[in-house]
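Please keep the sequence and the model in view.

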Amino acid sequence: MSHGHSHDHSGGATAHRPRLAIAFGITAAILVAEVIGAVITGSLALLVDAAHMLTDAAGLLMALTAATLMGRPATDRRTWGFRRAEVLSATAQSTLLLAVGLYALIDGIRRLFAPPEVAAGGLLVFGIIGLLGNVIAIAVLSSGRGANLNMRAAFLEVLNDALGSVAVIVGAIVIATTGWMRADALAALFISVLILPRAFRLLRETTSILLESTPHGLDLEEVRGHLLSHELVLSVHDLHASQIATGLPVLTAHVVVRDEAFHDGRASSVLDSLQACVAGHFDVSIEHSTFQIEAESHSDHEQHFHP
């Protein structure tokens, strides 16, 4: 017994495709500019920022693809459609960011001990170009950054790029005014410090969804307690909650009710009450709930499968 309502599983994801396409175009252009700049100047910070841009361009392309897939309707084979494409995309993006962050950290430390010559003037020019492009991309993505994990990952990548460009500019100014070449390595280390924590948090969140963990903010023991508070409910077992995608938590449970509820027609009202409870009582609203309502006399059969 479950909800009979029809729900849109697309999450309005296709509305964000134009923003993602613009951000991807800007990021790809900055990537080309920074690769050229890294070759000309010999800067690790610019090279790391270019590598960051490469992962961001790939990430934004994945985000754009995911936004397109998420708009596809559900089918008998894929009953949730492609809603989880956003989770897969965000997982891939965060993994790439971790790899870039670790590279920047290791090579930055190495260059602190053996700093190469860096052309400060060219570094400053390409840093400013990167920052201007990132500011435009941030403006494009900012209004949709909280829509889902896919958009959040894309926004974080562009924001990190902007901060990385600031680090490149500061490093260039320090080298130009003092001649201290280690500023380039410090800028690269700063970029890695920006990348790693955010990438780790996003990866932890997406992995939790893929492992079908209980949605953050939902206490299953509290849910169980509220279900058991119904006067006709005797026990609750096989209680599971997970999250398909952003804003799409689901819950299933077997609920044993008094036999009399099946004789006097109150079983359906029990179902209505339970679904209203999980949809409106908790901080995490669960509109997709499925309850198997079982008679008390059904318990012998259930024990065979659930000792």
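The three strands of an open sheet follow the order S1-S2-S3, with mixed pairing. Strands (E, at least two residues) and helices (H or I, at least four residues) are DSSP runs, numbered from the N terminus, and two strands pair if DSSP finds at least two bridges between them. At the edges lie strand S1 (233-245) and strand S3 (288-295), each of which pairs on one side only. On average, neighbouring strands of this sheet are turned by 10° against each other, direction ignored; axes are lines fitted to C-alpha atoms, for helices over the stretch in contact, and angles run from 0 to 180 degrees between N-to-C directions.

This is a predicted model, in which local features need pLDDT of at least 70, side-chain atom pairs count only at pLDDT 80 or more, and totals for chains, interfaces and linings use all residues. Residues are numbered from 1 along each chain as its sequence is written, and side-chain values use heavy atoms, with hydrogens and water left out.

S1 and strand S2 (residues 248-257) run antiparallel and are joined by nine bridges. Ala 245 has Leu 248 in S2 as its bridge partner, and His 240 stands opposite Thr 252 in S2. The hairpin of S1 and S2 has two residues between the strands, and Gly 247 takes a positive phi near 75° there.

Between S2 and S3 the pairing is parallel, over eight bridges; Val 257 stands opposite Ala 295 in S3. Because nine of the ten residues of S2 are buried, S2 is largely enclosed by the rest of the structure. Buried means under 20% relative accessible area (1.4 Å probe, protein chains only).

Helix H9 (residues 267-280) packs on the sheet and touches S1, S2 and S3, contact meaning heavy atoms within 4.5 Å. The direction of H9 makes about 145° with that of S3.

Note on methods
Buried < 20%, exposed > 50% of the residue type's maximum accessible area, 1.4 Å probe, protein only.
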